[in-house]
Amino acid sequence: TDRFMGLLNGLLGGDVDSKKQEVVDQDSWRRFSERIVTKYSALGDLVYPVVASLNRIRLGVSLLRNYKQQSRSNAELSFNSLAKALTTFPSFIGRTAVSSGHLSPPSSIPPREWSTARIISIFTQCDGGDNLSLHTRQLWICFEQLFGIWLQDKLKEDQRTAEESSLYKRKKDAMTQREEAELEEEFQKLFPEYGDILDESESLSPTNSPTRLAATAYSLFSRLPLLPPSCAGATRKETSIPLEWLTKNETLLNPEIDQESVAFRLRLVLQRMHHVQNHTPLSNSHNFYYDSNIPQAYRAFEAVSALQSRLQELGRKWPEQMVLQHLSDRCLAILELDMDSSLARILSALEQLVLQTEDWQKYADRENSVSTYQQALSGLIIDWRRLELSGWVHMLDNQAKEFAHDLTDWWFRLYENFVHACINMEIPEAAIEPHLNKLLPLIEGFITTSPLGQFASRLQLLQQFHVYIEKVVVLYAPSVTMVGRIGRLLQSISLFYSQFTPIIEIRLSQLRSDVDKEVKSFVQMASWKDINVLALKASAQRTHHQLHKAFRKFRAILQEPTAPLLAQAIKPSPQRAVSTITIRSSQLEREVPQLDRSTHAGGHLTKLQTALEVFDGLARGGIPSFYSHVKAIEDFCERISGTISQLQASVPPPDTQNKGSWFKALLVRKKRAFAELLKACHKAGLSPRPVLETVSNHSSRLWLFEHRAAIDSLSLPTIKMDAYLD
């Protein structure tokens, strides 16, 4: 007894000699059990209780050694710290531990997932009432970590691409095979197919779309609490720290977690019950192939449960029939599917079940028949095929949304230029202007080279970066001046190009109308009246290939460039100048808007509101006719713009014999118009010879964008301003 208690105490204290002694004792106990079982097999009533007691001792000692050995490992210590943070009560304590960075992540969690979890914890705390200013540094660090991980992956991808693009590896047939493989992969993503549910790999395969579960840097950026609703993206899907971290490593969990996580488990059960009882799929955005539909899944649960009860009844009557056992196993596998599985996943399993019931039904008599349950399952399959049919109309919307927010790679590139470079590069004051001149065409190119389907989302991304720079990056950047100018530049460009959004949307709607008609024709021609499961499945597969062609056509429309539309919209024309809205005197500003102004301004620029009040008083009292000239000023500006547009659009008539004389006459007209413009400006008090700095500023696109009014381009004052500066 003393020797055994010494062994236990040594294992509890982590003694190395005790661990070695435990291995020797375990082998001795095993040999002793084998000897008495072999030698005294006839005395089983005496031997087996002894063996059972000895096995319990062996198990207890082994569990004690493994527990103490694992509890001392750093992996388990860090994992249990994380598990305690995720399951503690109240929950904000755990979220603070995760978001603050004081908690070291276990080695089993990838760095990308850990940074994502920290950002999600910050969002949850802000939703609970925290001010984002308390978490700006941690937020900035997490996005920097995500960018660093992307940069490493990009370098590896570039190396792999360089190796594959070798002259000897570049073959035409290989490229053709790759294109075919990409088309097949694209088809499988749209219309996933599932194998036998009894296959272990199939039963464990994910049933939801990976793009719907993974939180990308772009989607997290769109959910920033500091962004206004109009600036936030459409990808605000609720996310949370994955519980898979706990389930995948449950062997490392400390038994104390069971007591400490009682409140967490109760809350999780209540949330799950509320999700199941109040789940209502959105008809317009529901994806039959990836989204869950709990009410419909419950119908399948009832039908399969009824069939399984019938099969168990028949199994007791015919225990030698393996067909009944196989059918019962298939029913059990369906019932073990996650309630959040997509209907397409459950539908595939139901079709396999109905087909296998034929193996029993074709030989069964009336007393042993399962035809009633087979018909119920067939009716459910037909209903789901009709539900699939109704969802095809909305798949174009899903395709458009996914394409519009497929900007993860662009997010990293913009982050590198707007944020990472500002924080990690020391740019002197004299080099800021050249740096911004290089950055401007990149920003405008991001918009002008945008496809039709991403124009609005790219504008939103620029607005998001403007707010992020203004609220977060400016706190940690070494050059506040450059960061502030980049933020104003992003804001001005996004507001300027937002005036073309209606034109892009109209064009996209016109091109999409033909595809909409084609998809609706598929829906009208499709018929699910056949009760044969195989015929229904074959009909669906044929229609899937037709839909895939229509979706490819729609994706080509989404990828059409916006540059021609922008060039046509920006091109000056007399009609555009005439169609601008006239500003009435009652629309003039009475208060100075909250604009970004230089802190080095002096004189009256530091008291703009007072200057505006004095000017307004003079305009109303000392110059009573000022407001009456507003219309004349507008007409004057429109006449200038219209004359310029008319002269620029002038081309010689086709029947002109002497084009040289015609061009000379055009030059005379331009000179005369310019002379009249100078006279009118001189009469109005404007200098015909502005200083070089003014001329340089007005010819600089960077200066014009930086000094553009930071107000919505759809407001009346900026409609004409942008028209004049195009």
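Q: Which residues of α15 meet α18?
A: Gln296, Ala297, Arg299, Ala300, Ala303, Val304, Ala306, Leu307 and Arg310 in α15 meet Tyr373, Leu377, Leu380, Asp383, Trp384 and Leu387 in α18 (contact means heavy atoms within 4.5 Å; helices are DSSP runs of H or I, at least four residues, numbered from the N terminus). By class, that contact has 11 nonpolar, one polar and three charged residues.

Q: What kind of model is this?
A: This is a predicted model, where local features need pLDDT of at least 70 and side-chain atom pairs pLDDT 80 or more, while totals for chains, interfaces and linings use all residues. Residues are numbered from 1 along each chain as its sequence is written, and side-chain values use heavy atoms, without hydrogens and water.

Q: At what angle do α15 and α18 pack?
A: About 165°, with the axes 10 Å apart. They are therefore roughly antiparallel (over 145 degrees).

Q: And how do the axes of α15 and α16 cross?
A: At roughly 150°, coming within 9 Å. So this pair is roughly antiparallel too.

Q: What sits in that contact?
A: Among the α15 residues are Phe301, Val304, Leu311 and Leu314; the α16 side includes Leu324, Leu327, Cys331 and Leu335. The contact of α15 with α16 has 11 nonpolar, four polar and no charged residues.

Q: Switching topic: where is Gln499?
A: Gln499 is in the loop between α23 (480–497) and α24 (501–525).

Q: Buried or exposed?
A: Gln499 is buried, at 17% relative accessible area (the cut-off is under 20%, with a 1.4 Å probe and protein chains only).

Q: What lies 3.0 Å from a polar atom of its side chain?
A: The backbone oxygen of Phe496 lies 3.0 Å from a polar side-chain atom of Gln499.

Terms used. Axes fitted to C-alpha atoms, helices over the stretch in contact; angles between N-to-C directions. Helix = DSSP H or I, 4+ residues; strand = E, 2+ residues; numbered from the N terminus. Parallel < 35°, antiparallel > 145°, perpendicular 65-115°, else oblique. Nonpolar A, V, L, I, M, F, W, Y, C, P; charged D, E, K, R; others polar. Buried < 20%, exposed > 50% of the residue type's maximum accessible area, 1.4 Å probe, protein only. Polar contact = N/O pair within 3.5 Å; in protein donor to acceptor, adjacent residues only side chain to side chain.
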